[in-house]
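Hi everyone, and thanks for making time. Please bring the structure up on your screens, and we'll walk through it together.

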Amino acid sequence: MRTVTRGRLRAAVPLALAGLALSAISCAAPGVAAAARSGSLGPTVCPAPRSFSSLPLFAHVTKADDVMVDSSGNVWVSNVGGHKVTELSPAGMVVHVFRDGQNPEGMVQLSSSTMALANQKSNQVVVFNTTTGASTLWVQLTSKGLGVDGLGVEPGMLLLPDAAGGTLDTVPLPPFSGGPKTIATGLGRPVDATPVGDGTLLVSVENAPGLVRVNPTTGTVTAAAQFTSTDDVVVRNGIAYVADNGGGTMSAVTLSSGTVTTLVTGVKAAQGLAMRADGTFLVVDEKSGDIRVATGC
């Protein structure tokens, strides 16, 4: 069941949601929370590249797209074409399947019972109740073209790549004190964003250069690495882990030098990427529907 209240933009959602903490990042998924923490590195040793098919299989979800690990360790998988969101246990077993006819995409945990969910068909972000599956409109984007894809988070702010508009926006997290603010333009098609830890943000884009760094104060955009087309990005300890859809890989980018190291090859449609509490990564191949476990640097 899916209930959405439609409108152009709501700076606040019903009072039932008002109890969500402003510091939603503190209860966010382990992969998201870890992405907000990074620091300097000494010499880093990365594992040798492995083929996607050789990695341990976590789960199979037909046409899996984005993936999120919540604070309890459960894994959420969106299926754009199949119009559903699947909740998996930490062991990869199906817990619940929710229908969503608006082409669900990116996910960010807001509280123990809610998450922000990008709906690509309607180009909006909703607050999704992870217990009931009910949705309430949060942000309605007005840009034309294929709608919002991935979402990111930093303390106090939702990072909202406006994929059709080519901009990166920020929106205050609960208690919803304002609407979107554009902090960078001219990005092409941005599809995910995450904080680096030094005040800048990384944005993955489905066009060259693939991964860019944004200064949210000045709006300056610089290339962080060279890829054809990327999807999700996660930062840990000064290294950006990237689902490289154009190259069919999961790669690690050492942000201090820009060095790119390939960790996983042979991903036919590299889409979702999330980090678990143990530091391993879940890598999604949309074409096969396989979600496999990879090791970082």
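Let me begin with a question: which residue takes a positive phi in the hairpin of strand 9 and strand 10? The residue is G133, with a phi near 85°, and the hairpin has 5 residues between its strands. Before I go on, a word about what you are looking at: this is a predicted model, where local features need pLDDT of at least 70, side-chain atom pairs count only at pLDDT 80 or more, and totals for chains, interfaces and linings use all residues. Residues are numbered from 1 along each chain as its sequence is written, and side-chain values use heavy atoms, with hydrogens and water left out. When I say helix or strand, I mean DSSP runs numbered from the N terminus, with at least four residues of H or I for a helix and at least two of E for a strand.

Strand 9 (residues 124-129) and strand 10 run antiparallel and are joined by 5 bridges; strands count as paired if DSSP finds at least two bridges between them. Buried means under 20% relative accessible area, exposed means over 50%, and partly exposed is in between, using a 1.4 Å probe and protein chains only.

Four strands form an open sheet in the order 3-4-5-6, with antiparallel pairing. Its edges are strand 3 (67-69) and strand 6 (94-99), each of which pairs on one side only. From one strand to the next, the twist averages 15°, with axes being lines fitted to C-alpha atoms, for helices over the stretch in contact, and angles running from 0 to 180 degrees between N-to-C directions. Inside this sheet order, strand 4 (residues 75-79) and strand 5 (residues 84-88) share 5 antiparallel bridges, and N79 sits opposite K84 of strand 5.

Next, the disulfide, defined as a pair of cysteine sulfur atoms within 2.5 Å. The count is 1: C46 is joined to C297, with 2.1 Å from S to S. The link is right-handed, with 100° about the S-S bond.

Last stop: salt bridges, where a side-chain nitrogen of Lys or Arg is within 4 Å of a carboxyl oxygen of Asp or Glu. How many does the structure hold? There are 4, and I'll show you some of them. E206 and R189 meet at 2.9 Å, N to O. E206 belongs to the loop between strand 16 (201-205) and strand 17 (210-214), and R189 to the loop between strand 14 (181-184) and strand 15 (190-195). E206 is partly exposed at 30%, whereas R189 is buried at 15%.

Another pair is D198 and R213, whose closest N and O atoms are 3.1 Å apart. D198 lies in the loop between strand 15 and strand 16 and R213 in strand 17, so this pair ties together parts 15 residues apart in sequence. R213 is buried, at 19%.

Finally, D278 pairs with R276 at 4.0 Å between the closest N and O atoms. Here D278 is exposed at 55%, and R276 is buried at 18%.
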